[in-house]
Amino acid sequence: MPRICIPYFQFVNEITDPISDTRKREDSLSADGKWRSFPKVPNLLQYVSSGTYYGRIKVNGKTIRESLETDVWSKAKQRLSDFQSKHQKNRGRFEAPFYKEAVELFKQDLAHDTTIKPQSKQYRLWCIKKLEKSWPELISLRLDQITEAGCKEWAAKMQKEIACHYYNNIIGTLKQIIQAGIKFHKEKTGEKLSNPAEEVKRTKILQKELQLPEPEQFIEMVANLRKASGGWGPRIGDLVEFLAYSGMRIASEALWVTWEDIDWQRKEIIVRGHPETGTKNSDIRRIPIISNMENLLERMRKKEKEEKGPILKISRCNEALKRVCTEMGINRLTHHDLRHLFATRCIESGVDIPTVSKWMGHKDGGVLALKTYGHLRNEHSQAMAAKVKF
């Protein structure tokens, strides 16, 4: 039987090849084989393993790559056009600075500000540390990524953890940092950003209830400090009495008083403050040497070979004060509480508030002193009330 030859025809399905018509596309693979690019269609990429197309563009030196969410060539080209249009609008625009960049700008301004004292500058730096510790995510945010809601949420949490005046100062520091970044961004781009921390409100300062030792308790406390504080006891006692009898601020005033500042003839101490920055209010003032202070200075004077240099030999006694208050069962005292003690004793002794305020270096004529010490002791209030006649 004769054999019949049947011709064989091979059919090719053109649509099964996702990269057909190579003349049109001329694709090439990346070195790692993961990405396919198309020289005749700039800004278009294809992720080989999934077939998904991506747009790629460089804006202000930064490469942006986004999925076009399709693996179909025709759709990819259409969406690429929209992708390019969107990002080309941002060419020439500068992104908002990061928070950490704003911090550096703020620190530069702070360092160059001659109107702010070194102690105040150090305090602001402390506020920055506290701020970043309580809100660690802030470091990685740009200013336009910091939201008003985020600021308020952080502030509400922090308000429960720290004293009201510290809270207000940290809030103020955050506002100033962001404002420094906003100013820089506007100078560079002309674009004004809003300050998301601006609506965070300061909290009301609650007046501290002063619970100070009675005269007998103070005498007992000083005796304990001198005898039970080791080799430093006598110097700790001198520091505590000096602060209580003068009402001076310890860091910016008391530690800088020298024997040359004692005016024995007029019985006054000249308060000059820090050699470079002066007192808190930048004024030199004179305070009277009350009888207790005179006795203290006379005792200290006998220990000196010559009356020159600083009067106080130590700069702090917090731990000793904490110990003695615990042992005596009284409220813990700080260096600053001894300043309050001076003012309270003066007012209870009949010195008018404006005079006490002047001795303490206030410039408000007694407004702050009246708010702080207007309570005084019940005994004093009753004694004053007994003088009122109708």
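This is a predicted model: local features need pLDDT of at least 70, side-chain atom pairs count only at pLDDT 80 or more; totals for chains, interfaces and linings use all residues.
Residues are numbered from 1 along each chain as its sequence is written, and side-chain values use heavy atoms, with hydrogens and water left out. The model holds 10 aromatic pairs, where rings of Phe, Tyr and Trp (its six-membered ring) pair if their centres lie within 6.5 Å; planes under 30 degrees apart count as stacked, over 60 as edge-to-face and the rest as tilted.

One of these pairs joins Phe38 and Trp73 edge-to-face, with 5.2 Å from centre to centre and 70° between the planes. Phe38 lies in the loop between β2 (35-37) and β3 (44-47) and Trp73 in helix α2 (residues 73-88), so this pair ties together parts that are 35 residues apart in sequence. Helices (H or I, at least four residues) and strands (E, at least two) are DSSP runs, numbered from the N terminus. Phe38 and Trp73 are both buried, that is, under 20% relative accessible area, whereas exposed means over 50% and partly exposed in between (1.4 Å probe, protein chains only).

Trp73 also forms an edge-to-face pair with Tyr53, at 6.1 Å centre to centre and 65° between the planes. Since Tyr53 belongs to strand β4 (residues 53-59) and Trp73 to helix α2, the pair ties together parts that are 20 residues apart in sequence. Tyr53, like Trp73, is buried. Elsewhere, Trp35, Tyr47 and Tyr54 make up one aromatic cluster.

Helix α2 also contains Arg79, which counts as partly exposed at 35% relative accessibility. Not counting residues up to four places away in sequence, Arg79 touches Leu68, Glu69 and Thr70, contact meaning heavy atoms within 4.5 Å. The side chain of Arg79 reaches the backbone oxygen of Glu69 at 2.8 Å.

Lys100 lies over the face of Phe98 at 5.7 Å from the ring centre, and Arg301 over that of Trp264 at 4.2 Å.

The nonpolar interior comes next. In soluble globular proteins, nonpolar side chains tend to be buried together. A nonpolar core is a set of buried Ala, Val, Leu, Ile, Met, Phe, Trp, Tyr and Cys residues joined through side-chain atoms within 4.5 Å. The largest such core has 48 residues, and Phe218, Met221, Val240 and Phe242 have the most contacts inside it. Among the elements that each supply at least two of its residues are α7 (215-228), α8 (233-246), β7 and α9 (291-302). Helix α8 gives the largest share, seven residues. Beyond its neighbours within four places in sequence, Phe242 is in contact with residues including Met248, Ala254, Met293 and Leu296.

Strand β7 also belongs to an open sheet of three strands, ordered β6-β7-β8 with antiparallel pairing. Strands β6 (262-263) and β8 (285-288) stand at the edges with a single partner strand each, so one side of each is left without a neighbour in the sheet. Two strands pair if DSSP finds at least two bridges between them; β6 and β7 (residues 268-271) pair over two bridges, and Ile262 has Ile269 as its bridge partner in β7.

Conventions
A charge sits over a ring if NZ of Lys or CZ of Arg is within 6 Å of the ring centre and within 35 degrees of the ring normal. A polar contact is a pair of N or O atoms within 3.5 Å; within protein, one must be able to donate a hydrogen and the other to accept it, and residues adjacent in sequence count only if both atoms are side-chain atoms.
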